Every structure is written in structure tokens, then in C-alpha cells.
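User: Hi! Could you walk me through this structure in plain words?
Analyst: Happy to, let's have a look together.
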Amino acid sequence: MSDQFKLEIVNPEKSFLLKDDVTEVVIPAYEGEMGILKDHISLISFLKPGLIKIFSKGAEDRFFVEDGIVEFKDNNLTILTSSISNINDMKKDRIDAILSEAEKNSKDKEISDQQKYLADQKIEVLKSIN
Amino acid sequence: MASLDDLKKRITSVKSTQKITKAMKMVAASKLRRAQESAERGRPYSDKMNNIIVNLSNSITDKDNSPKLLVGSGEDKVHLCVVMTSDRGLCGGFNTNIIKKAKTFFQKIIDERKTLKIITVGSKGYDQLKRAYKDNIIERISFKDSKNVNYFDANKVGKIIIDKFEKKEFDVCTIFYNQFKNVITQIPLDQQIIPLKASETKNSPSEDNYEFEPEEDEILSNLLPKNISTQIFKAMLENSASEQGSRMTAMDNATRNAGEMVDKLTIQYNRSRQAAITKELIEIISGAESL
């Protein structure tokens, strides 16, 4: 038995990525990073800002997401997100722009704890890929 | 009878109108292709989103404590209607159809003595509704500046709606838009988005148990606002495809009508030219005869 499963990443404008030879996907789930292998239990969760790592035969792709929802069912992993970009395509100034905005948000006293947590997460991830 | 010169002028003017409508038809055709593509590409997202929500709401047992966006505020007094139209005219019955649909709905609400609030998206809708329902319109939104339909705009509308819901300004929210069936047919639709209609639960209650992280209701309360924006976005995509399709057909008709008119005018022109010549000949002949 192969240990591959199907992955689909969809954003509102189009189907962003479709792969059927994925062996492992690591997602930044809301309560911590989560690795998904074949025959994982059915799962619904959502994402915090972070990196999606996709491992397929000999290749590894990394994407930056800001939010999203994940559903895993019958060896189909679906990720719905409104903001996703391949790390290799991200220009440094774009990263910096998101970073500085997140930093500004994080310092904002008005926001709720949850939003602050998300902003802090974003900063951490962006710094790590910078 | 119009003089030859007048006829000539009319023919030229109809011909130039025809050129314009022809050009508009071409533009609409090429825009339609793009709009149709993006409408089709946008479908998976909203479908999947819907699926997940159905799965989630099926697994919620405690209906009383589930998020208000799903079950509603428990009342049915204030209706918010979001009427989505285009920003430009000259697209046949596109806007009129939506407005007609909306107006029948409005009348029903008013007859039932409920409060009606309207948000118009797109300036044409506002223009048509402002006369009859000026006091009901609480917000008008227009995306004249953005070239293509994008999620960012849809999100803005979604945020406004959710904001108003949380301030308890309305109980039920319905959106009006044209669903794109094909180039000739667009169906004006009303879709209730708050509270979410449970009728879409087609598949049998999910027998598989999902693992939720975090808890169901927390996921739902995060997901539902997103779903609103997604539904709005879907409506906007369908609308823009419908708009172009409708414009294309309308302009096609206009071009054909202009062609018919040119033909008719040309015949009339030729006939009166001939009559003028005959008249002149008769004058010359009878002049010669009298000598």
C-alpha cells in the first residue's frame, strides 16, 4: 500500500493547488503544528498564521498562510484559505510589509487577546523565514 | 416627407450607433469569457465551505447555544436585504430583473408589518430603488473603482453585514443576485444567508465522527463570518458573469435592430430619390410639350 493521499488547496478565486501524491503535510493548526499522514482520523480545524509544509515524493513545498480551514476525510485533505503564497515567490519587501503591519497590530492595545495571539504568531513565522 | 438630406443623415447616425453596439458586444463577449471562468473557478471554494459547515452543524447537538449566525437571533422582525446589481447600464434586463424580484420580496415584508432595511451593492440598484424605498436604504456600496471582482471587496460587504448583525440591527438577511445559467439565461435569485438555511443538508447526517480542534462551536463561530463573505463573493462572481452575458445579448439585439433600420431607411431613401427624378423628368417633358 502506498502511503500517499490527496491534497487540495482552494482559495476564493481558484483551486490553488491539487496534488495526489502527498505523503505528509504539516499544518499550523490553531492549537499547534500538526502533521497529517495517510489514514488520519477525520478532522476539521482551522489555521493560524504559519507555514504549510507539503512533502511528496522527493519534493518539499512550503507555503505561508494567514488563515484557513482544514478538512481531512477519506484521505482527502482540503485546505480553504483566503491568503496563501509560496515562500519561494514571496519577495522580501512583501514579507516586510506584512511583518510591520502585524507588529503594529500586536502593539495595538485595543485588540482582543485572540487577535494579539494571531499577530504575534505571524511575526514569529515571518521572522523565521526572513 | 423627409428630405433626401435628412434621410441620409439618419442613416449615418443609425450606422454609427450600430458600430458602437457592435463594439460593446465584442467587449462584453471577451469579458464574459473571463468572468465565466472566474465564476467557475470560485465555485469549489464556496462548495467546500458549505460542505464543512453542513458537516459541522450536523454534529452540533446543543442547538440553543450554537452561534447566532447559524440559528438566527430567534426573532423575525427586521429584514435586511442586500441587493446586488451592476455599476453600469446597457445590459438589457439584468438590473431590472433583480430589482423586480427584490421589490416583490420587499412588498411581502412590508405587508407582514416587518421592518425593512436595504443595502445596495452597485450603483444601478440604488438608482432604481431610491425613489420608492429611499428611507429603507441604510447603506450603498459601489465597487466602481475595482476592475475585477475580488475577494477583498466581498469581504468588506461581509464585514458590514456581520457588524450590523452583532449590533442587533436586523434578524434575517437575504441577498439578491443573478445566477448565471448560460449566456441567454440568468436567473434572479434570493438567498437567505442569516440565519443559514438548513435545507442544504442533502447528504444523510454524517455518520463519520470528526475530530475537532478546537471545539465545534468555536470553529463554527470562526467559520460562519467567513462563509458570509464567501457567499457574497460567489454572488458577485455570478453577477458579473450574468451582467456581461446579459449585455452581450442586449447589444447583439441592438446591432440587429440597427441593421434592420438601416435597411428600411435605405429603401425609403432610394424610393424618394427615384420619385424626385421622375418628378423632374415629368416637368421637363411637359415643359417641352407646351412649346
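Analyst: One definition to start with: two residues are in contact if their C-beta atoms, placed from the backbone, lie within 7 Å. This is a predicted model: local features need pLDDT of at least 70, side-chain atom pairs count only at pLDDT 80 or more, and totals for chains, interfaces and linings use all residues. Residues are numbered from 1 along each chain as its sequence is written, while chains are lettered from A and ligands numbered from 1 in the order in which they are written.

User: Is chain B more spread out or more compact than a globule?
Analyst: Chain B is more spread out than a compact globule, because its radius of gyration is 28 Å, well over the 19 Å that the globule rule gives for 291 residues. The radius is taken over C-alpha atoms, and the rule is 2.2 Å times the number of residues to the power 0.38. Along the principal axes, the C-alpha trace of chain B spans about 115 × 40 × 35 Å.

User: And what share of chain B is buried?
Analyst: Buried residues are 33% of the 291 in chain B. Buried means that 20 or more other C-beta atoms lie within 10 Å of the residue's own, exposed means 12 or fewer, and partly exposed is in between, with C-beta atoms placed from the backbone.

User: Now the sheet. What is the strand order?
Analyst: In chain B, an open sheet of 5 strands has the order β3-β2-β1-β4-β5, with mixed pairing. Its edge strands are β3 (137-141) and β5 (186-194) of chain B, and each pairs on one side only. Two strands count as paired if DSSP finds at least two bridges between them. Strands of a sheet pair through backbone hydrogen bonds, either parallel or antiparallel.

User: Which strands does β1 of chain B pair with?
Analyst: One partner is β4 (172-180) of chain B, parallel to β1 (78-84) over 5 bridges; here B:Val82 has B:Ile175 as its bridge partner. Another is β2(B), parallel to β1(B) and joined to it by 7 bridges, with B:Leu80 opposite B:Lys117. β2(B) is mostly covered, with 6 of its 7 residues buried.

User: Which helix lies across those strands?
Analyst: Helix α3 (94-111) of chain B lies across β1, β2 (115-121), β4 and β5 of chain B, at about 155 degrees to β4(B). For that angle, axes are lines fitted to C-alpha atoms, for helices over the stretch in contact, and angles run from 0 to 180 degrees between N-to-C directions. Helix α4 (123-133) of chain B also has buried residues, including B:Tyr126 and B:Leu129. The buried residues of α4(B) pack against β1, α3, β2 and β3 of chain B.

User: Which residues have the most contacts inside the largest nonpolar core?
Analyst: They are A:Val70, B:Cys81, B:Val82, B:Val83, B:Met84 and B:Phe176, in a core of 85 residues. Helix α6 (216-289) of chain B gives the most to this core, 14 residues. A nonpolar core is a set of buried Ala, Val, Leu, Ile, Met, Phe, Trp, Tyr and Cys residues joined through C-beta atoms within 7 Å. Leaving aside neighbours within four places in sequence, the contacts of B:Phe176 include B:Cys81, B:Ile98 and B:Pro188.

User: Switching topic: how many residues of chain A touch chain B?
Analyst: 21 residues of chain A are in contact with 22 of chain B. The largest share on the chain A side, 4 residues, comes from β4(A). β4(A) also pairs with β6 (211-213) of chain B in the parallel sense over 3 bridges, where A:Leu43 stands opposite B:Glu211.

User: What about A:Glu13, buried or partly exposed?
Analyst: A:Glu13 counts as partly exposed because it has 17 C-beta neighbours inside 10 Å. A:Glu13 is in the loop between β1 (5-10) and β2 of chain A. Beyond its neighbours within four places in sequence, A:Glu13 is in contact with B:Ser38, B:Arg41, B:Gly42 and B:Tyr151.

How values were computed
Helices (H or I, at least four residues) and strands (E, at least two) are DSSP runs, numbered from the N terminus.
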